[in-house]
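Have a look at the structure first, and then we'll walk through a few spots in it.

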Amino acid sequence: MPPHDRRPHPRRRLPAALCAIALAFTPLWVWPAAAEPPDAAATAALTEAIGQYGRGEVDAARRSFEALAARGLPAADYNLAVMHLAGDLPGGAEAALPHLQRAADRGFVTALFGLGQVYEQGRLGRSDPTTAHGWYLRAAEAGSVDGQVAVATAHYLGRGAAKDMVQAAHWYREAAKGGDIGAQYLLASMYEAGDGVARDLRLARYWYDVAAKNGDEAAPDKLREIDARLRDAPG
């Protein structure tokens, strides 16, 4: 499965867009910095297991990932979880959960975020935004940009966490610094309106400019609007 684009939409579409965040799991292809990297042999074995999965050799991939997981490789546990969640292996989310938790306990940031997805999606029964937020927060604190967007959104909407525009602005700022285009636009809009931050048109302009340069379609219009307001401002 390809990674899902979790970019929030421009402010005029914010409530609907953020209430309907789509979530997807994907096998991991890049080793996260927060976890201890494997040795060369383990890296080669992991690469081969991922190749087996990509070629549709599900049983071989399972055996390879299980052997690597038994050696303590969190990426292998994460990929086993993905296979359960995708229906490649039986058991669904209940079978995936211990793999995600082991990977998370070993510092695998993607697994922290994945646990949040499991609870937000209700893969174990009913959706549990509060528990999801706890996992997203751990992912955000470990540097996950997706986790930072999720935590910011929870505080922006009051879904799974207290509505808190200061915290929303903080986490959107972290995600914006991490390159999330939607967070860059949303942070600009918060500076423009004074939501959770002191109103500051120059900082709004800065982040609209960053979002525009990164390809946000609405940001160039906002940039021109802010420029006009700054030109017309007294003093």
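Let's start with Tyr78, which is buried, with a relative accessible area of 3%. Keep in mind while you look around that this is a predicted model. Phe108 is buried too, and its relative accessible area comes out at 0%. Both values fall under the 20% cut-off, so both residues count as buried.

Now for the rings. The model has five aromatic pairs. One of them is Tyr78 with Phe108: the ring centres sit 5.7 Å apart and the planes meet at 45°, so this pair is tilted. The two partners come from distant parts of the chain, 30 residues apart, with Tyr78 in helix H4 (residues 74-86) and Phe108 in the loop between helix H5 (92-105) and helix H6 (109-121).

Tyr156 and Tyr172 make another aromatic pair, this one edge-to-face, with 6.3 Å from centre to centre and 65° between the planes. This pair also ties together distant parts of the chain: Tyr156 belongs to helix H8 (residues 145-157) and Tyr172 to helix H9 (residues 165-177), 16 residues apart. Both tyrosines are buried.

Here are those two pairs side by side:

| Pair | Centre to centre | Angle of planes | Geometry |
|---|---|---|---|
| Tyr78 and Phe108 | 5.7 Å | 45° | tilted |
| Tyr156 and Tyr172 | 6.3 Å | 65° | edge-to-face |

Is Glu192 buried or exposed? With 13% relative accessibility, Glu192 counts as buried. You'll find Glu192 in helix H10 (residues 181-193). Its side chain makes a polar contact of 3.0 Å with the side chain of Lys222. Leaving aside residues up to four places away in sequence, Glu192 touches Arg199, Leu201, Ala204, Tyr208, Lys222, Glu225, Ile226 and Arg229. So Lys222 turns up both in that list of neighbours and as the polar partner.

Finally, let's zoom out to the whole chain. How many helices and strands does the protein chain have? The count is 12 helices and zero strands, and reading along the sequence gives α-α-α-α-α-α-α-α-α-α-α-α. Of the 235 residues in the protein chain, 47% are buried. Among contacts with a separation of 6 or more, 51% involve residues 24 or more positions apart.

Key. Residues numbered from 1 in each chain as written. Predicted model: local features only at pLDDT ≥ 70, side-chain atom pairs only at ≥ 80, totals over all residues. Heavy atoms only, no water. Helix = DSSP H or I, 4+ residues; strand = E, 2+ residues; numbered from the N terminus. Buried < 20%, exposed > 50% of the residue type's maximum accessible area, 1.4 Å probe, protein only. Polar contact = N/O pair within 3.5 Å; in protein donor to acceptor, adjacent residues only side chain to side chain. Contact = heavy atoms within 4.5 Å. Phe/Tyr/Trp six-rings, centres within 6.5 Å; stacked < 30°, edge-to-face > 60°.
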